[in-house]
Amino acid sequence: MVLFCLLTGAAIWDVLFKKIPNWLTASLAVGGILQACILGDGPAMARSLAMAGAVLLLLFPFFSLGGLGAGDVKLLSGIALYMAGEEFLRFVFRGMVLGLAIYGLTALGRGMGRLRGRGKNCGAKVIGLRHRIPLALPFWLSLLWLRGGWF
């Protein structure tokens, strides 16, 4: 329930302000660590922390290249504290598919014919989008999909 509430807040904030605040991602991480301490044993907490660290290490290059925002990276590493490995991978895959669909619909809505110069950051700038999609929204939908069983 904590994960759902915090991810809902992150999705709303990300859609409205195109940014996920540090206090929200820190709350997510603290909640995940507390949940692992209370509900799990020592190895479960160690696995959760290892998963979150691995997510940070794997996604940091995407942040450095401009493909992901820092809030998105911190959000995903915080979410990793709440899920086991396979469940987290399904969650991320579904979130990325939903994010790609939203990105595609946004690009079509703005018109693919407005291609701009091809700078070093080719993602959103190439198709003329002013901002990248707020990834917290597709990950919120992915959590509903994963836990609620819809689709």
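1. In which hand, left or right, does α1 pass α2? The crossing of α1 over α2 is left-handed. This is a predicted model, and the points below should be read with that in mind. Helix α1 covers residues 2–17 and helix α2 covers residues 22–39. The two pack with their axes 10 Å apart, at an angle of about 165 degrees. An angle over 145 degrees counts as roughly antiparallel, and α1 is therefore roughly antiparallel to α2.

2. The residues behind that pairing can be listed. From α1 come Leu3, Leu6, Gly9, Ala10 and Trp13, and they meet Trp23, Leu24, Ser27 and Leu28 of α2. Sorted by class, the contact of α1 with α2 holds seven nonpolar and two polar residues, with no charged residues.

3. The loop between α1 and α2 contains Lys18. Its phi is near 55 degrees, which is a positive value in a residue other than glycine.

4. For the chain as a whole, the count is seven helices and zero strands. The order along the sequence is α-α-α-α-α-α-α. The protein chain has 151 residues, of which 38% count as buried. Taking contacts between residues at least 6 apart in sequence, 65% join residues at least 24 apart.

5. The next pair is α3 (residues 42–64) with α4 (residues 70–80). Their axes are 8 Å apart and the packing angle is about 160 degrees. That angle makes α3 roughly antiparallel to α4. The crossing of α3 and α4 is right-handed.

6. Which residues does α3 bring to its contact with α4? They are Ser48, Met51, Ala52, Val55, Leu56, Leu59 and Phe63, and in α4 they meet Ala70, Val73, Leu76, Ser77 and Ala80. By class, the contact of α3 with α4 has 10 nonpolar residues, two polar residues and no charged ones.

7. Leu76, a residue of helix α4, deserves a separate entry. It counts as buried because its relative accessible area is 1%, against a limit of under 20%. Leaving out residues up to four places away in sequence, Leu76 touches Val55, Leu59, Phe88, Phe91, Val92 and Phe139. One of these, Phe88, is 12 residues from Leu76 in sequence, and the C-alpha to C-alpha distance between Leu76 and Phe88 is 9.4 Å.

8. Helix α4 also contains Asp72. Is Asp72 buried or exposed? Asp72 is buried, with a relative accessible area of 12%. Not counting residues up to four places away in sequence, Asp72 touches Asp14, Ile20, Leu135 and Ala136.

9. The axes of α5 and α7 come within 8 Å and cross at roughly 130 degrees. The two helices are therefore oblique to each other. The crossing of α5 and α7 is right-handed. On the α5 side the contact is made by Glu87, Arg90, Phe91, Val92, Arg94, Gly95, Met96, Leu98, Gly99 and Ile102. On the α7 side it is made by Leu137, Pro138, Phe139, Leu141, Ser142, Leu143, Trp145, Leu146 and Arg147. The contact of α5 with α7 divides into 12 nonpolar, three polar and four charged residues.

10. In soluble globular proteins, nonpolar side chains tend to be buried together. Here the largest nonpolar core has 30 residues. Which residues have the most contacts inside it? They are Leu75, Ile79, Met83, Phe88 and Phe91. The elements that give two or more residues to this core are α1, α2, α3, α4, α5 (85–110) and α7 (136–148).

11. Met83 is one of the residues with the most contacts inside that core. Setting aside neighbours within four places in sequence, Met83 is in contact with Leu3, Phe88, Phe91, Leu143, Leu146 and Arg147. Among these, Leu3 is also listed in the contact of α1 with α2, while Phe91, Leu143, Leu146 and Arg147 are listed in the contact of α5 with α7.

Methods
Residues numbered from 1 in each chain as written. Predicted model: local features only at pLDDT ≥ 70, side-chain atom pairs only at ≥ 80, totals over all residues. Heavy atoms only, no water. Axes fitted to C-alpha atoms, helices over the stretch in contact; angles between N-to-C directions. Helix = DSSP H or I, 4+ residues; strand = E, 2+ residues; numbered from the N terminus. Parallel < 35°, antiparallel > 145°, perpendicular 65-115°, else oblique. Left-handed = near helix turned anticlockwise from the far one by under 90°. Contact = heavy atoms within 4.5 Å. Nonpolar A, V, L, I, M, F, W, Y, C, P; charged D, E, K, R; others polar. Core = buried A, V, L, I, M, F, W, Y, C linked by side-chain atoms within 4.5 Å. Buried < 20%, exposed > 50% of the residue type's maximum accessible area, 1.4 Å probe, protein only.
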